[in-house]
Amino acid sequence: MYLVLLGPPGAGKGTQAKRLAERLALPHISTGDILRQNVKAGTDLGKQAKGIMDQGLLVGDDLVAKMLDERFNNLDIKKGFILDGYPRTLSQAKTLDEILSNKKLAVDLVVYLNASDAVIVKRLTGRLVCSKCGANFHVTNMPPKAKGICDSCQASLYQRSDDNEVTVRKRLEVYKNEVASLIEYYTKSKKLYSLNADLDPGIVLEQVIELSAKV
Ligand code: AMP
């Protein structure tokens with residue numbers, strides 16, 4: 001099952017992707033996570049991406065495509081993947097199809113997690129992320145059991161540098177400029193299903209599982 005999660009920042013793509021990866025025993029591939037790992041490790045890619053990410057803008061298509069192509073060489077994607085954060089533009093959607101078709105693979109299902117701006121801003125500005133396993137928490141909606149500590153792996157939690165209100169609004173604007181053409185592209189290929197991601201993440205998860213069982 002080659003599943004793509006689309007949706008604005010804060011729609012819950014990361015949270016859903018992690019849970020889906022566990023339930024469906026598939027790797028979770030997040031372009032944002034790979035970029036952040038590169039920033040942390042101080043690689044050339046990370047150095048090029050850091051300033052762009054902090055402004056809420058998109059890292060160059062070529063850089064991200066190369067990074068993804070390399071990730072897809074890993075044999076763990078043999079049975080599928082949960083892709084989160086890619087594609088973000090029509091051009092990336094076409095690139096994804098090309099990269100996969102070169103490997104004799106194709107996207108099976110695209111789930112669009114649709115969330116309202118008010119919910120997104122609240123979720124992201126209160127989001128806490130585990131520095132080790134990447135699990136997400138929220139200061140009020142989903143607080144960790146111990147302040148600042150991950151429930152699953154006990155590592156420290158941090159706030160992403162792009163999760164402040166100004167950058168969140170910029171990320172939303174960038175997203176809205178691109179999403180219509182992406183939706184049109186996947187609607188034409190009859191792979192797109194839209195869900196209300198303002199709902200409780202547990203409900204949304206079951207809806208995605210249901211959809212994936214039909215493919
Ligand atoms: P995310 O973790 O998906 O919210 O991504 C965080 C940031 O990483 C984005 O705001 C972009 O700067 C960058 N990024 C992640 N995925 C992509 C992508 N597919 N294309 C370009 N930039 C990306």
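This is a predicted model: local features need pLDDT of at least 70, side-chain atom pairs count only at pLDDT 80 or more; totals for chains, interfaces and linings use all residues.
Colleague: What is the phi of Lys190, and in which loop is Lys190 found?

Modeller: Lys190 is found in the loop that runs between H7 and strand S8 (192–196). Lys190 counts as exposed because its relative accessibility is 72%. Its backbone has a positive phi in a residue other than glycine, and the value is near 60 degrees.

Colleague: Which residues does the cis peptide bond join?

Modeller: The place to look is the loop between strand S3 (81–84) and H5, where Pro87 lies. Most peptide bonds are trans. Here omega is about 0 degrees, and the residues joined by this cis bond are Tyr86 and Pro87.

Colleague: With which residues is Gln92 in contact, leaving aside its neighbours within four places in sequence?

Modeller: Gln92 belongs to helix H5 (residues 90–102). With a relative accessible area of 3%, Gln92 is buried, because that value is under the 20% cut-off. Once its neighbours within four places in sequence are left aside, the residues in contact with Gln92 are Asp61, Tyr86 and Pro87.

Colleague: How many Å apart in space are Leu100 and Phe72, C-alpha to C-alpha?

Modeller: Leu100 also has its place in helix H5, and with a relative accessible area of 0% it is buried. Leaving aside neighbours within four places in sequence, Leu100 is in contact with Phe72, Phe81, Leu105, Ala106 and Val107. Leu100 and Phe72 are 28 residues apart in sequence, and their C-alpha to C-alpha distance is 8.4 Å.

Colleague: Which helices are included in what covers the buried residues of H3?

Modeller: In helix H3 (residues 44–54), the residues Leu45, Gly46, Ala49 and Met53 are buried. They cover an arc of only 80 degrees around the axis, which puts them on the same side of H3, whereas Asp44 and Lys47, on the other side of H3, are exposed. An α-helix has 3.6 residues a turn, so residues three or four places apart point the same way. The cover over the buried residues of H3 includes helix H2 (31–41), helix H4 (61–72) and helix H7 (165–188).

Colleague: What is the radius of gyration of the chain?

Modeller: The chain contains 8 helices and 8 strands. For 215 residues the globule rule gives 17 Å, and the chain comes close to that, so it is as compact as a globular protein of that length, with a radius of gyration of 16 Å.

Colleague: What share of the 215 residues counts as buried?

Modeller: Along the principal axes, the C-alpha atoms fill a box of roughly 45 × 40 × 35 Å. Of the contacts between residues at least 6 apart in sequence, 70% join residues at least 24 apart. The accessible surface of the chain is about 10,900 Å², with 54% of it belonging to carbon and sulfur atoms, and the share of the 215 residues that counts as buried is 47%.

Note on methods:
Residues are numbered from 1 along each chain as its sequence is written. Side-chain values use heavy atoms; hydrogens and water are left out. Helices (H or I, at least four residues) and strands (E, at least two) are DSSP runs, numbered from the N terminus. Buried means under 20% relative accessible area, exposed over 50%, partly exposed in between (1.4 Å probe, protein chains only). Contact means heavy atoms within 4.5 Å. The arc is that of the directions from the helix axis to the C-beta atoms. The radius of gyration is taken over C-alpha atoms; the globule rule is 2.2 Å times the number of residues to the power 0.38. Accessible areas come from the Shrake-Rupley method with a 1.4 Å probe; for residues, only the protein chains shown count as cover.
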